[in-house]
Amino acid sequence: MATVTLTKLTKRYGNIGIVHGIDLDIADREFIALVGPSGCGKSTTLRMIAGLEEISAGSIEIGGRIVNDLPPRSRNISMVFQSYALYPHMTVRENLGFSLKIAGAAKEDMVRRVAEASAILGLDMLLDRRPSQLSGGQRQRVAMGRAIVRDPDVFLFDEPLSNLDAKLRTQMRTEIKKLHAKVQSTVIYVTHDQVEAMTLADRIVIMRDGHIEQVGTPDEVFRRPATRFVAGFIGSPPMNLHEATIDDGQMVFASGEKLPLPAQFKANVTTGDKVVFGLRPDDIYPTGHGISSGGAADVHQIELPITVTEPLGNETLVFVEFNGTDWVSRMLNPRPLRPGERVAMSLDMSQAHLFATETGKTLRS
Amino acid sequence: MDENSSARLKRRLLDIVYRIGLFLAMLTICLPGLWIVISSLRPTVEIMAKPPVWIPQEISFDAYVAMFSGIGKGGIPVIEYFRNSLIISVTSTVIAVAIGMAGGYAFARYRFRGKSSVFLGLMLTRTVPGIALSLPLFFLYVRLGIIDTHFGLILAYVALNVPFTIWLIDGFFRQVPKDLAEAAQIDGCTRWQAFWQVEFPLAGPGIASAAIFAFLTCWNEFALASQLTRSVSAKTLPVGLLDYTAEFTIDWRGMCALAVVMIIPALTLTYVVQKHLVGGLTSGAVKG
């Protein structure tokens, strides 16, 4: 088990920068998710930690030891690949035991450790099959088993669930969480799926264009996004974001519509400031069909026309027109609504977010 | 007739047409081979007969017996030729495949300056017909003193085969996902171990087919061998066929018999190795 420290970690291909000097401290036994859109440098960062990619500058420490130039085999890590990368010419048993065989482990030791891993992941019945005879979920489990057998300091996961169908993904997500609880090792998990990151990780690192936008617990990044990008990236459906100009304690939108300035930001903005106003779908709801976190004074009432509704059973996503575009709102205990109908909406302004248009940074103090 | 039965009838008719077409194609391919075998067993009169005699009237193994008899009894040094062919073909195949593996792997896995030009250059060497090289090679070999030696022919064949083996093996290594070698390195392998433990076994069938092609090229090559060898100690089987030509006559039966002797090992080797040429070995490695 080990801590991982990245210091000014940089990756360049020729003149093109991929990762721009990121700093990150990962605690022992912590589950960290690196999340971001395609091309944000998260996989490259993981591959640099694994030793599969040379670093251009900066340093990587695993367990207090600088591993910048060590080959992957000397870093005591294991990695689960997006493609599983099982050895097709070996049985599941041989796949699991491969690292031990290479390390020259004793036969009894090998049998015991393969049996342990196979028991944890329920692979006992599959040990003599080849990868081609396994389903996607089974292959994924073998790939994880292969990682466990090594008993590494750090587990690296590179989008391990993205090749699975939606149902299996949810199931395997739970298994990964259980696995982490069992093996108690440091995990660095790369994904582009913010739901995976939110559900699995102790802390989430949100990356964009080779920079870290924010590091925080799932709750922090959801409730207190540091930038407009994080606000839009985390949460499903995403936060409603609209540009506005501050005018005498009010936000004036492009369409001329106005909303009162949320109380918590009053001290931080002045008339003429350009801001981005954000409100999560949970904080806009047809009056009487949602839960307000703040007091009654914080809830702003407004009547808006419905464009579309998406019933999900226990709730309905209601799209209402505001400022010329659709706002998503979440309606609990849904009742039937018709497109075109004007309904009274409650906006919980205590949960609102404001970002500076220019920098994208939060205006929360 | 309803739509279904006419569709069924059409399908059956098409099936029969396909089979007849296939039979004709196979006949075209196999008939010359069969003709060689038959000709090696029948008298010269029958071989030369016009119109041709399709069914042999008389079959004898005289040509085979004579071939292995001593010189003067219609025999030729077939054992020596066979040995030369084997030494030259096997050695040059092993070398060409070894170089092909290294080169193919480099082209498949690494990025380097001038990669595509080098690759194109290698392929271009194949556009020069072997026979066009025979005269320059002859002079060169005479000067170097390697004319009429195993070494000389091996060198020529390696040069002939390397571009092809590189091209073929490059394609097979490309099919082996890069992730596998990386997974092996994480599992504790060095780059070298990852190659031998994971990538080599997976590209194995491709390497085997490259080896068969290289071997057959050497085994059957005539143009260069006929120029670069002349004594019993270096002549290969295809060149040995010329022993059956005299100033005024050609012993067609003997020549066919030697051709059969030449074909058998090549056929056996191909048969043995083809069982290992199982495609799709990498299935299941990655999502599929």
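**Two chains in a predicted model**

Strand S9 (residues 203-208) and strand S10 (residues 211-216) of chain A pair with each other in the antiparallel sense, and five bridges hold this pairing.

**The hairpin of chain A**

- S9(A) and S10(A) form a hairpin that has two residues between its strands, and in this turn A:Asp209 has a positive phi of about 50°.
- Within the pairing, A:Val205 has A:Val215 in S10(A) as its bridge partner, and A:Val205 is also listed with the residues that have the most contacts inside the largest nonpolar core.
- Strands of a sheet pair through backbone hydrogen bonds, and they may do so in a parallel or an antiparallel way.

**A sheet of four strands in chain A**

- Chain A also has an open sheet of four strands, in the order S2-S1-S4-S5, whose pairing is antiparallel.
- Strand S2 (16-26) and strand S5 (65-66) of chain A stand at the edges of this sheet, and because each has a single partner strand, one side of each is left without a neighbour in the sheet.
- Strand S1 (residues 4-13) and strand S4 (residues 57-62) of chain A run antiparallel and are joined by five bridges, with A:Thr10 standing opposite A:Ala57 in S4(A).

**Helix H6 of chain A**

- A:Met198 lies in helix H6 (residues 194-200) of chain A, and it counts as partly exposed because it has 19 C-beta neighbours inside 10 Å, whereas a buried residue needs 20 or more.
- Although A:Met198 and A:Gly36 are 162 residues apart in sequence, their C-alpha atoms are 12 Å apart in space.

**The domains of chain A**

- The domain assignment divides chain A into domain 1 (4-233) and domain 2 (240-356), and the C-alpha centres of these domains lie 38 Å apart.
- Where the domains touch, five residues come from domain 1 of chain A and five residues from domain 2 of chain A.
- On the side of domain 1 of chain A that touches domain 2 of chain A, two residues are nonpolar, two are polar and one is charged.

**Nonpolar cores**

- The largest nonpolar core holds 145 residues, and those with the most contacts inside it are A:Ile32, A:Ala33, A:Leu156, A:Ile188, A:Tyr189 and A:Val205.
- If residues up to four places away in sequence are not counted, A:Ile32 touches A:Ile26, A:Val187, A:Ile188, A:Tyr189, A:Ala201, A:Asp202, A:Arg203 and A:Val205.
- A second, separate core has eleven residues, including B:Ala63, B:Leu237, B:Tyr244 and B:Ala257.

**The helices and dimensions of chain B**

- Chain B has twelve helices and zero strands.
- The radius of gyration of chain B is 24 Å, whereas a compact globule of 288 residues would have one near 19 Å.
- Taken along the principal axes, the C-alpha atoms of chain B fill a box of roughly 80 × 70 × 30 Å, and 32% of the 288 residues in this chain are buried.
- Of the contacts in chain B between residues at least 6 apart in sequence, 74% join residues at least 24 apart.

**Where chain B touches chain A**

- The contact between the chains takes 22 residues from chain B and 26 residues from chain A.
- Helix H8 (178-186) and helix H9 (191-220) of chain B each supply at least two residues of the side of chain B that touches chain A, and the largest share of that side, six residues, comes from H8(B).
- By class, the residues on this side of chain B are eleven nonpolar, seven polar and four charged.

Conventions
Residues are numbered from 1 along each chain as its sequence is written. Chains are lettered from A and ligands numbered from 1 in the order in which they are written. This is a predicted model: local features need pLDDT of at least 70, side-chain atom pairs count only at pLDDT 80 or more; totals for chains, interfaces and linings use all residues. Two residues are in contact if their C-beta atoms, placed from the backbone, lie within 7 Å. Ala, Val, Leu, Ile, Met, Phe, Trp, Tyr, Cys and Pro count as nonpolar, Asp, Glu, Lys and Arg as charged, and the others, Gly among them, as polar. A nonpolar core is a set of buried Ala, Val, Leu, Ile, Met, Phe, Trp, Tyr and Cys residues joined through C-beta atoms within 7 Å. A residue is buried if 20 or more other C-beta atoms lie within 10 Å of its own, exposed if 12 or fewer, and partly exposed in between; C-beta atoms are placed from the backbone. Domain bounds come from an automatic or database domain assignment. The radius of gyration is taken over C-alpha atoms; the globule rule is 2.2 Å times the number of residues to the power 0.38. Two strands pair if DSSP finds at least two bridges between them.
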